[in-house]
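Subject: Structure for you to look at

Hello,

Here is the structure I promised to pass on. Please open it alongside this note, and my findings follow below.

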Amino acid sequence: MSSLDDFSDILKVDEPLADYTWLKVGGPAQYFAEPQSVEQLQNLVACCHEQEVPVRLLGGGSNLLVRDDGVSGVVLKLSAPCFAEISVEGTTVTAGGGALLSNLISESIKAGLGGLEILTGIPGTVGGALHGNAGGRGGDIGQFVKSVTVLTAKGEIFTRKEDELSFEYRKSSVNELVVLNAEFELANEASDELTQRIRKLWIMKRSTQPLSHQSAGCIFKNPRGLSAGALIEQAGLKGTHVGGAEISERHANFIVTNEKATTDDVLRLVELIQAKVSDRFGVDLEPEINIW
Ligand code: EPU
């Protein structure tokens, strides 16, 4: 039986997590590891399973709020290049789970392949995007998936084809610990046409979202047929703050943080929004962000 000591060369103890997240708040990970190969990752995960040590995967940190007390067990980050490879064959693009979604989009466009450009401006990794079925008004990542190869919390690797996967609004059946890689089926399109489309999307995003501030993107899912941002604005909450966390004046479904913010500030603001929107409109807002 292996022990965590066998991985001491890649394990950091009490690693602060705030700087790995876009909100820049939260406490440390008891153990933090950046495996350098799939084999090393698989062995570490299997060891944690045997030893009953909790394991979490940190993606791009853009949709994540870490509690101020931090997290026990191991936090994994797929920062090694082997987890971020992107390759193109015909109209199929294969990307590592640790690749940035923005890199997947730009490599697809370079290859004259369209589809994923609708995800322009969404931060984070390919694995995170698949787990939460990232998307926007133009569609979501799930509609392009051909297959996903995952590593389970027990350390097993397997591949699921598109007909064995399901994607819903901000939710998917890709719930295993790690996405190792995924294949996307795209369509041939002229690169300059795609670049033009991307420009328009960026202009739209910049004018409606607080992109220059620290945020985790939208905090709440849109309730069916409604807009969380519009409800929060109509409840008169834009600009409301708790400590160093504030409801964005630009888009009410964004909470922005300053350097004095804590996770507790963000959580209190989340609760305040939920209570006010529930009182005023009878709607329960469900967080979109992951809270550790
Ligand atoms: N609105 C307001 N006040 C606000 C914000 C929005 O009245 O403060 C209104 C807008 O005027 C518009 C409607 O609400 O009529 C919808 O707003 P928007 O077009 O900004 O889209 P959204 O539904 O708020 C969704 C995604 C975003 C994605 C955009 C654009 C969710 C929760 N959000 O936002 O995704 O970028 O569409 O595609 O589904 C994210 O998931 O983190 C995210 C930012």
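Start with the shell around the ligand: by class, it has 6 nonpolar, 8 polar and 6 charged residues. Bear in mind that this is a predicted model.

The ligand site

Which residues come nearest to the ligand? Of the 20 around it, they are Y169, C218, N222, E233 and A252.

For N222, an N or O atom of the side chain is 2.7 Å from a ligand oxygen. For E288, a polar side-chain atom lies 2.8 Å from a ligand oxygen. For S227, the distance from a polar side-chain atom to a ligand oxygen is 2.9 Å. As for cover, the ligand on its own has 820 Å² of accessible area, and the protein covers 73% of that.

β17 (214–218) and α5 (228–234) each give the shell at least two residues. The largest share comes from α5, with 3 residues.

The domains

The protein chain divides into three parts. Domain 1 spans 4–80. Domain 2 is made of 84–196 + 200–206. Domain 3 covers 210–291.

Why does the ligand lie between domain 2 and domain 3? Both domains give residues to the shell around the ligand, so the ligand lies between them.

Domain 1 against domain 3

Now turn to another pair, domain 1 and domain 3. Their centres, taken over C-alpha atoms, are 27 Å apart. The contact takes 12 residues from domain 1 and 17 residues from domain 3.

How big is the area buried between domain 1 and domain 3? The figure is about 1,200 Å². Carbon and sulfur atoms give 56% of that area. On the domain 1 side, L23, N63 and L65 lose the most area to domain 3. Together these three residues account for 52% of what that side buries.

If you have time for just two views, take these.

Best wishes

Note on methods: Residues numbered from 1 in each chain as written. Predicted model: local features only at pLDDT ≥ 70, side-chain atom pairs only at ≥ 80, totals over all residues. Heavy atoms only, no water. Near = heavy atom within 4 Å. Polar contact = N/O pair within 3.5 Å; in protein donor to acceptor, adjacent residues only side chain to side chain. Areas by Shrake-Rupley, 256 points an atom, 1.4 Å probe, with all protein chains shown as cover. Helix = DSSP H or I, 4+ residues; strand = E, 2+ residues; numbered from the N terminus. Nonpolar A, V, L, I, M, F, W, Y, C, P; charged D, E, K, R; others polar. Domains from an automatic or database assignment. Contact = heavy atoms within 4.5 Å. Buried area = accessible area lost by both parts, 1.4 Å probe.
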